[in-house]
Amino acid sequence: LSKQIAGQIPFFDLSRKIMRHRLLIDGAVDRVLSSGNFVLGRECEYFEASFATYVGVQHCVGVANGTDALELALRASGIKAGMKVATAANAGNYATTAASALGAEIAYIDVEFATRNITLEAVQKAVGEGAKAVIATHLYGLAIAEIAEISAFCLERGITLIEDCAQAHGARVRGRVVGSFGDASAFSFYPTKNLGALGDAGAVLTNNDAIASNVRKLRTYGWSEKNSIELPGGRNSRLDEIQAAILSDLLPFLDEDNERRRKIARAYCAGINATDMDLPQFTNDEFAAHLFVLTSENRSTYISKFADASISTSIHFPIPDHLQPHLTGSPEFSLPVTERLARQVMSLPCYPELLDEEVDAIIQAFK
Ligand SMILES: Cc1ncc(COP(=O)(O)O)c(C=O)c1O
């Protein structure tokens, strides 16, 4: 592998993961081919049960992708057109896409610069201004430090809390896995995710029986039984068996992979620092290290210097939700921290299959 990749360091390389797990993946695909069942079958049920146990909740409902998971979680919780949904604007527009699909009004919450996440205080303000639901994204894999307090506050006020855990599989707050704090949580298993499939996949997790039952209906057109639509707003959003089988077989690696990601992140924190730079702050498993994102006023210089050294970097995310080009006119509000982050964030490669030599090469290139 070292020989094969010598010379350039990709931002992410799925082929390494496939190489590492090839036997497992072949076995999973083979199981499905032999079963003759390809959509919402026993592999899906098995994965749903395993992942619910891992997160520590009662229900996991597999769906087609993470954006559908967010949208169906909102619909299943009774959020409707015209209701206000509060969320951050620095998380790639996924929550905005999901809330907009059901006609909700979006109230953006500015984030904290150091954590890049929302805070209890900001949630309280949004609820004070009429939000009926909150989508709390554990961005870049860092669990929202106050998620338990946000959950208690929302419960007390009858506000729906949906956690977006697409970047934070396995992150924990005081030992409790994220995805277990909200009324429901949404996961994406897109191939780059900490638990990734080899295609699109997602899930809604919840302890609430009614929400779980609603998502089960909504993912198959709103059917309560075949061809009988009980719930409006449904669609086809099914998890396929090959992805479910692969996810079940990769789940046992999640915690050790997250530890490897943190090791890489720690090495960067020790080896990469400059007065014009802020680095992610974490101590342990509150960070699933999905992305290693630093900020600098001199981002473009760093990006081009890394490119000169054949190191790929990325930007998550360059355009905040409220400034997307399809929106006409300028917004009547500003989100100063979100806007500053969009100008300054840059991501370094951070995935379990990144080699120690490559991590060293990235640090040396920085120096
Ligand atoms: C924070 C966040 N939420 C939601 C999603 C949406 O997931 P998907 O791409 O599976 O629709 C993503 C993924 O890209 C994400 O990073």
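Modeller: Thr-87 lies in strand 2, which covers residues 84–88. Strands here are DSSP runs of E with at least two residues, helices are runs of H or I with at least four, and both are numbered from the N terminus. This is a predicted model, in which local features need pLDDT of at least 70 and side-chain atom pairs count only at pLDDT 80 or more, while totals for chains, interfaces and linings use all residues. Residues are numbered from 1 along each chain as its sequence is written, and side-chain values use heavy atoms, with hydrogens and water left out.

With a relative accessible area of 2%, Thr-87 is buried; that word means under 20%, exposed means over 50%, and partly exposed is in between (1.4 Å probe, protein chains only). Leaving aside residues up to four places away in sequence, Thr-87 touches Ala-95, Thr-96, Ile-106, Ala-107, Tyr-108, Ile-109, Ile-135 and Thr-137. Contact is taken as heavy atoms within 4.5 Å.

Two residues in loops come next. Tyr-140 sits in the loop between strand 4 (133–137) and helix 8 (147–157). Its phi is near 65°, a positive value in a residue other than glycine. Tyr-140 has 4% relative accessibility and so counts as buried. Arg-174 is also not a glycine and has a positive phi, of about 45°. The loop that holds Arg-174 runs between strand 6 (172–173) and strand 7 (176–177). At 65% relative accessibility, Arg-174 is exposed.

Another backbone feature is the peptide bond from His-316 to Phe-317, which is cis, with omega near 10°. Phe-317 belongs to the loop between helix 12 (299–308) and helix 13 (336–344). In helix 13, the buried residues are Thr-338, Glu-339, Leu-341, Ala-342 and Gln-344. The buried residues of this helix pack against strand 13 (292–296), helix 12 and strand 14 (345–348).

Now to helix packing. Two packed helices are described by the angle between their axes and the distance between the axes. Helix 5 (residues 66–76) and helix 9 (residues 209–218) have axes that come within 9 Å and cross at roughly 125°. From helix 5, Leu-72, Arg-75 and Ala-76 meet Ile-211, Asn-214, Val-215 and Leu-218 of helix 9. By class, this contact has five nonpolar, one polar and one charged residues. For that tally, Ala, Val, Leu, Ile, Met, Phe, Trp, Tyr, Cys and Pro are nonpolar, Asp, Glu, Lys and Arg are charged, and the others, Gly among them, are polar.

Helix 9 also holds Lys-217. The relative accessible area of Lys-217 is 17%, so this lysine is buried. Not counting residues up to four places away in sequence, Lys-217 touches Gly-222, Trp-223, Ser-224, Glu-230 and Leu-231.

Side chains of opposite charge can pair when their charged atoms come close. A salt bridge here is a side-chain nitrogen of Lys or Arg within 4 Å of a carboxyl oxygen of Asp or Glu, and by this rule the count comes to 20.

Glu-259 takes part in salt bridges with Arg-262 at 3.0 Å, N to O, and with Arg-266 at 3.4 Å, N to O. Glu-259 and Arg-262 both lie in helix 11 (residues 254–271), three residues apart, which is about one turn of the helix. Glu-259 is partly exposed at 35% relative accessibility, whereas Arg-262 is buried at 5%. Arg-266 has a relative accessible area of 35% and is partly exposed.

Another salt bridge joins the side chains of Glu-156 and Arg-157, at 4.0 Å, N to O. Glu-156 is exposed at 63% relative accessible area, and Arg-157 is partly exposed at 47%.

Key:
Axes are lines fitted to C-alpha atoms, for helices over the stretch in contact, and angles run from 0 to 180 degrees between N-to-C directions.
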